[in-house]
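Here's a quick tour of a few helices and some of the residues sitting in them.

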Amino acid sequence: MDELQLLAALTPVISIFLLLVILRMPASRAMPLSLVMCALSSFYIWKVGIRQMAAAVLEGWMIALSILWIVFGALLLLNTLRQTGAMQTIRTGFMRLSPDPRVQVILIAWLFGSFLEGAAGFGTPAAICAPLLVALGFPALAAVVVALAANSTAVSFGAAGTPVLVGLAQGLPGSTHETLTSVALKAITLDLLIASLIPLILCVLLTLFFGDRRDWRAGLAMWPLALASGFSFTVPAWLVAYWLGPEFPSLLGSLTGLILMTWLVKHHLLLPATPWRFSGQTLPEEAADMPSMSLLAAWSPYLLAAFLLLISRLSSLPFRALLQSWSLNWPAILGTDISVQLQPLYLPGTLFMLAALSALFMQKARMTELWRAGCNSLQTLKAATLSLAAAVPMVRLFLHSGENQADLASMPVALSQWLAAMLADSWYLVATFVGALGSFIAGSATFSNMMFASVQQSVAMQAGLDEQWVLALQMIGANAGNMICVVNVVAAASVVKLQGQEGRIIRYTLWPMLYYCLAAGLMVSLLYQPD
């Protein structure tokens, strides 16, 4: 790969950071420009044919439609609860449990978000948690940043273990279940020491960048509860991964942590003596009386959504096969080897819509309220449509560039091979960033593992490194990349009406992403030197 080809392979990464992060363009402008730049690089330098490029774009639009469906479902659920007054009840309940936003970040973004990731994955946690935090009085930017940064550790075993059982399994053809389980266990072992600090980092992010006085000490003051919440997730997740495998660590780990942390907060244990709040946020004694709707009724659509996600993702139950039985298939798009399949009933958006409809019975909502919620959701969704309609096709062009006349591997594989040739001796430090690159571009840890697992294994063999630890670092990096993933950022920004602020969001989430990647790479490189 020469210099020009290297530049072409880096085009998606460079264009996104240049336009979104440095020039601060809104995604609605930056992503179409990035798509054009990637298309030109693919055609003129990578020699990808027009038909292959067109098929990749069409596939991208179909995938973008599925993402918009998920976001619409999340918006509809949120706006329905606003119309019925349930959001006010939820807000008052949290304010009475603890008015401290640091506590709310731990309970909602870290633990509830991890539960949603374990059940559904694919951007669902940020789409649900960010607007819930806004309803509690968070600035929209703060809500999106902490929701995205928290949606990381649980990704290893998101959607009932999909990144392992599908991502790694397809990325490592011929691998045994024992090998996959061993790699997953190594990844969660690293998380015991690294990811357990993420809740504390979230609290510091919150108080440093979004508080009135920009005080990082207020975030650190949360360390007893923050560390307890970190370990209350990672320790049960490790035990589940060890005894049961990769399907349930995120689900059961987060549920254990949520129950334990709620009990501690309710009994005022491990909380700092000095409360912290945003400007203008009410304290409990200033809060309004509890609305007439009960907390159980207010939470019931969210609880139903979580329940539906859970039972629809377990292969041992019949619901998964039933929901997947109806699919929209487009095989061999334009005569290429690119195909796409959508399963509308299985998408989380459909389940969110059912949960929103349940408000008609659980909260005695009126059809006019549901209609207004739907209209408001569609209005909000319009701004994200153009961004996703450009971002996802750009990703698919990047991934499908292996079919070309220049006899080159696909752009991501060629890029990782170039990194391996340059930095094989330091690969423990590099491996996590390769995994993060996959999630950043592809929008999914599952796709990152599928793309790069075999490359990571090959480099480990050539450099005399432990293959399973390198693959574990790939998993950790894929988690971290979710914090800055363009598709997730655009989707999360759209549900809290922050369109145009995507680059600003990435500038905040980049720091915890760097911590996650560097800490894991340094730990393994120090403990496991090549023979």
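Let's start with S15, which touches L20, S34 and M37 once residues up to four places away in sequence are set aside. Keep in mind that this is a predicted model.

**S15 in α2**
- S15 belongs to helix α2, which covers residues 11–22.
- Is S15 buried or exposed? Its relative accessibility is 1%, and buried means under 20%, so S15 counts as buried.
- The side chain of S15 has a polar atom 3.1 Å from the backbone oxygen of P12.

**S416 in α20**
- You'll find S416 in helix α20, residues 411–423.
- S416 has a relative accessible area of 2%, so this serine is buried.
- Which residues does S416 contact, leaving aside neighbours within four places in sequence? They are W427, V434, F452 and V455.

**V57 in α4**
- V57 sits in helix α4, which runs over residues 50–84.
- With a relative accessibility of 17%, V57 falls under the 20% cut-off and therefore counts as buried.
- Skipping neighbours within four places in sequence, V57 has P393 and L397 as its contacts.
- M31 is 26 residues away from V57 in sequence, and their C-alpha atoms are 13 Å apart in space.

**The α6/α15 pair**
- Two packed helices are described by the angle between their axes and the distance between the axes.
- For helix α6 (residues 101–119) and helix α15 (residues 295–313), the angle is about 35° and the axes are 8 Å apart.
- On the α6 side, the contact is made by F112, F115, L116 and A119.
- These meet W299, A306, L309, L310 and R313 in α15.
- How do the residues of this contact divide by type? Eight are nonpolar, none is polar and one is charged.

**α25 and its kink**
- Helix α25 takes in residues 502–527, 26 residues in total.
- At 1.5 Å a residue α25 should span 38 Å, and its end C-alpha atoms are 37 Å apart, so the two values agree.
- Where is the kink in α25? It lies at T509, shortly before the proline P512, and comes to about 35°.

How values were computed: Residues numbered from 1 in each chain as written. Predicted model: local features only at pLDDT ≥ 70, side-chain atom pairs only at ≥ 80, totals over all residues. Heavy atoms only, no water. Helix = DSSP H or I, 4+ residues; strand = E, 2+ residues; numbered from the N terminus. Expected span 1.5 Å × (residues − 1). Bend = angle between axes of the 7 residues up to and from the residue. Buried < 20%, exposed > 50% of the residue type's maximum accessible area, 1.4 Å probe, protein only. Contact = heavy atoms within 4.5 Å. Polar contact = N/O pair within 3.5 Å; in protein donor to acceptor, adjacent residues only side chain to side chain. Axes fitted to C-alpha atoms, helices over the stretch in contact; angles between N-to-C directions. Nonpolar A, V, L, I, M, F, W, Y, C, P; charged D, E, K, R; others polar.
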